[in-house]
Amino acid sequence: MRILQILPELNVGGVETGTVDLAKYLVEHGHDAIVVSNGGPLVKDLESFGARHYQLAVHKKSLWTMRCMIKPLREIILKEKVDIVHARSRVPAWIAYFACFRTPAQFLTTCHGYYSSSFFSRVMGWGKQVIVPSEAIGRHMIEDFKVPLENIRCIPRSVDLTKFQKTREDKPGKSSFTIAIVGRITPLKGHEYFLRAMAKVVRTMPYVKIWIIGDAPARKEFYRRDLEVLVERLGLKDHVEFLGNRSDIPDLLTQIDLLVFSSVVPEAFGRVILEAQAAGVPVVATRVGGVVDIIDDEKTGLLVPPKDPEMMANAIVRVLQDKNLVRQFVQLAREKIEQKFTLEHMAGQTIKVYEEVLRSPNILVIKMTSLGDVILVTASLKALRKRYPEAKIYCLVGKESRSILQRCPYLDGLIVVDVKGEDRSWWRLWKLSEKLRSYRFDKVIDFQNNARSHVLSFLTL
């Protein structure tokens, strides 16, 4: 297969690392991996194992730029003979969605977060299949984006265990500890509440170092300055070190005793939690979104309410003072990772989705009126099923003639329309097209052949 992944940039981050890891797995298993982004430090890693990268300005939230990127992306799709276009963010998804028109490529998406229900975010639910990293995001896409359950595929993010094989130095009777928080410095990540919790911790355990790994985006530099002021006000200046963005996370994890994940909003997943657990580091995390898919409270880590420094501080002290609890967390977390969150599991499941998309096209047959013609179309349905044995074939049929096809063995389902009654107006036709688009049809075969069916065919694909 020829797989094209598209995302805004290839900077250091969970989505970006997952993209590179999947591309590497694809190449190692005989597939072609292409990535389109605006570039970044991970491009070298990507190209080092044989994947190809094309740099396009697919990161800008500008309608003009997005429009201008459609044609060059379509040219890449055709040049590389791409089978699947896999979009991982909203701006690239809009560009990829339209670029796939007039190409054989199938469009699918991965939802990496809780998107607002604005029209701009809707494209993330338009993939032939929609991959989600957690059950929480799956529910979000079904309830808020009306994505049919049968189009959702839950594939948790993964961790490459080979990157986390370094030995940790745990000394008996240890009295000084290093506690870290890893992630972008934004209000959503809860750094403020983490620092307030740490102010309580150092009263009980004064020999503590606090690492803040990650940095603020350019437009949120003020928030880092606010945190620096908060550090001084809380009396933590001698304990806290801002390490900025780092590419050596596996090495840093061998030096810390506890990771804290303090997000205050529902998270899609929490890749850094997996990385810490893979490195043998216990985790205290807020009970938000997909985090509960990773951590089993009191078994593989501790979960605390968001925005609650008191509960977080108590959990941190408890972990640092109980070596037996740490050993339990580390052992059970490692076992869970090996069962559910390995790179092989994530990539293997993703490839299965790709194969399913290519193997099982969705086909719509339109024949809404004329009883005699509906009867005659059954021969064509039989030939269509023979040609596409694994396809999902639906027929758009009129209310009066639906009984003829209700038990047709060549169809997976009927979509009934009342063309002489309530579905007669053009407004109802538009509403019908919305319903048809939710089926993600790849092909439309129009046996009706009139103005109404032509419009429906155009609006459905």
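This report walks through a sheet, a helix and one histidine in a predicted model.

## The sheet

Let's start with the strands. Seven of them form an open sheet with parallel pairing, in the order β3-β2-β1-β4-β5-β6-β7. At its edges lie β3 (52–55) and β7 (152–154), each of which pairs on one side only. From one strand to the next, the twist averages 25°.

For a closer look at one pairing, take β5 (residues 106–110) and β6 (residues 130–132), which run parallel and share two bridges. Here T109 stands opposite V130 in β6. Helix α4 (residues 90–99) packs on the sheet, where it touches β1 (2–6), β4 (84–87) and β5. The direction of α4 makes about 170° with that of β5.

## Helix α7

Next comes α7, a helix of 13 residues. At 1.5 Å a residue it should span 18 Å, and its end C-alpha atoms are 19 Å apart, which agrees.

Which residues of α7 are buried? They are Y223, L227, L230 and V231. Seen down the axis of α7, the buried residues fall within an arc of 105°, so they line one face of the helix. Their cover includes α6 (191–204) and β10. On the other side of α7, V229, E232 and R233 are exposed.

Just after α7, G235 adopts a positive phi of about 75°. The loop between α7 (221–233) and β10 (240–244) also holds H239.

Is H239 buried or exposed? Its relative accessibility is 19%, so H239 counts as buried. Leaving aside residues up to four places away in sequence, H239 touches V202, P206, V208, K209 and I210.

Conventions: Residues are numbered from 1 along each chain as its sequence is written. This is a predicted model: local features need pLDDT of at least 70, side-chain atom pairs count only at pLDDT 80 or more; totals for chains, interfaces and linings use all residues. Side-chain values use heavy atoms; hydrogens and water are left out. Helices (H or I, at least four residues) and strands (E, at least two) are DSSP runs, numbered from the N terminus. Buried means under 20% relative accessible area, exposed over 50%, partly exposed in between (1.4 Å probe, protein chains only). Contact means heavy atoms within 4.5 Å. Two strands pair if DSSP finds at least two bridges between them. Axes are lines fitted to C-alpha atoms, for helices over the stretch in contact, and angles run from 0 to 180 degrees between N-to-C directions. The expected span of a helix is 1.5 Å times one less than its number of residues. The arc is that of the directions from the helix axis to the C-beta atoms.
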